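Welcome, and please load the model in your viewer before reading on. We will go from one selection to the next, with a short note on what to find at each stop.

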Amino acid sequence: FIHDQTVRLMNQGKTPGDIAEVLTLPASLQQAFSSRGYYGTVKHNARAVYQGYLGWYDANPAHLDPLPNAERARGYVALAGGADALISTAREAMNQGNYRWSAELLNHLVFAQPDHDEARELLAASYDQMGYQAESGPWRDVYLTGALELRHGTPESGINIATMRDMLLLTPIENFFDTLAVRLKAEDAEDKQLSVTIHFTDMNESYRLWIENAVLHHKPLTAADPAADATLNLTHELFVNILIGEAGLKDTLFSDDLSVDGSRLDLVRFFSLFEKPVTSFPIVVPAS
C-alpha cells in the first residue's frame, strides 16, 4: 500500500513531504498489529519509496543547492527579527502544542547560535514532547537523543571497535581495505601516487594497495609486485590489532613483530593519509 500510493502521488507531482503528510493506511491495515508504526512509520517509509525512485531532490530548484545549515539558520534568525523574537514565537507554538513548528524555529536558532542556552533548552523540551508522542520506537529514540545532546553534549567516546576484535578476525580481508578506502583524506592524497603490498605471512596471501586520483584501490596478488614502494609482511592478527588501535603502526614498524621490504618512509607516508574514524559527533548542533 505504501509503495503503490507513494508512487501514485509522486506521479501527480507531490514531493516527499507532501506525500508523508497526507498518506494514511486504510482502516483495515491500521487495526492490524503488525502494520502499526512501532518501528517504521508511514511517513518515514513513504519518503524512502520516493527516494528509491527519484533520489533526494524533490525537483524544486530552491532545494537543488541550498545554503549550508548554519548559514541558512543565521539568515532565518535575522529574518525573524533576532533571537528574542524567534524564541517568543517558538514559545507560543509550544503553548499551542505545535512542537513540530517550535522545533523548526529553534533548530535554526541553535544552528545560528549554538551556545544560546535558552534556545537549546526549549528545543530539547520540544523534542521531549515529540518523543513522548511518537508511536515509533526509533522516532522516540531520535527525539530523546537529540534532547539529551542539547542538554549534556555529545558522548566523550563512541563505540570502541576493539570490542569487535573476535568478529574482525573472521572478517574477509577485502572488507578491511574497503573500509580503509573511505578513511582516505582526499585533500592530502590529491597529488600522491603510492603503492604498497601487504603480505599476510600466516595466510600466504598478498594484496596490492595503491592510491590514484585520491582514491584507494586494492586487489589480490598472485606474484610479487615490483612496482610497490614498500611491502609490509605481518600476520593477520597483528594487522587487525593495528586497525583497532591495540598496536600502533609507527611503533610496530620498527619492531621485530613484522618486516618491511622497500621504503619504510613511503610506508609511513602511505598510512599517514588515512584518518582515524570519528566515534562521537554532534547531530543537533553544527559539527565543528
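A word before we start: this is a predicted model.

**Stop 1: the largest pocket**

Begin with the lining of the largest pocket, whose residues divide into 21 nonpolar, 19 polar and 9 charged. To find your way to the middle, select K43, R47, R100, W139 and Y143, which of the 49 lining residues lie nearest the pocket's centre. The space inside comes to about 2000 Å³.

Now colour the elements that give two or more residues to this lining: α2 (16-22), α4 (42-54), α5 (69-79), α7 (99-112), α8 (117-133) and α9 (137-152). Which of them gives the most? That is α7, with 7 residues.

**Stop 2: α7 against α8**

For the contact itself, show Y99, R100, S102, A103, L106, N107, L109 and V110 on α7. Facing them on the α8 side, pick A119, R120, L122, L123, S126, Y127, Q129, M130 and Q133. By type, this contact holds 10 nonpolar, 5 polar and 2 charged residues.

**Stop 3: α6 against α8**

Stay with α8 and bring in α6, residues 83-95. The two axes come within 11 Å and cross at roughly 20°. Angles under 35 degrees count as roughly parallel, and α6 and α8 are therefore roughly parallel to each other. The crossing here is left-handed. Select I87, R91 and M94 in α6, then E118, A119, L122, A125 and S126 in α8, and you have both sides of the meeting. Of these residues, 5 are nonpolar, 1 is polar and 2 are charged.

**Stop 4: α1 against α4**

For the last stop, go to α1, residues 2-10, and show α4 with it. How far apart are the axes of this pair, and at what angle do the helices pack? The axes are 9 Å apart, and the angle is about 60°. That makes α1 oblique to α4. Here α1 passes α4 in a right-handed crossing. Display I2, H3, T6, V7 and M10 from α1 together with V42, N45, A46, V49, Y50, Y53 and L54 from α4 to see the contact. Its residues divide into 9 nonpolar and 3 polar, with no charged residue. While α4 is selected, recall that α4 also contributes to the lining of the largest pocket.

Key: Residues are numbered from 1 along each chain as its sequence is written. This is a predicted model: local features need pLDDT of at least 70, side-chain atom pairs count only at pLDDT 80 or more; totals for chains, interfaces and linings use all residues. Side-chain values use heavy atoms; hydrogens and water are left out. On a 1 Å grid over the protein atoms alone, a cavity is a set of points where a 1.4 Å probe fits but cannot get out, and a pocket is an open set with protein on both sides within 12 Å along at least five of seven lines; lining residues have an atom within 4 Å of a point. Grid points are joined across faces, edges and corners, and a volume is the space filled by probe spheres set on the points. Helices (H or I, at least four residues) and strands (E, at least two) are DSSP runs, numbered from the N terminus. Ala, Val, Leu, Ile, Met, Phe, Trp, Tyr, Cys and Pro count as nonpolar, Asp, Glu, Lys and Arg as charged, and the others, Gly among them, as polar. Axes are lines fitted to C-alpha atoms, for helices over the stretch in contact, and angles run from 0 to 180 degrees between N-to-C directions. Angles under 35 degrees count as roughly parallel, over 145 as roughly antiparallel, 65 to 115 as roughly perpendicular and the rest as oblique. A crossing is left-handed if the near helix is turned anticlockwise from the far one by less than a right angle, and right-handed if clockwise. Contact means heavy atoms within 4.5 Å.
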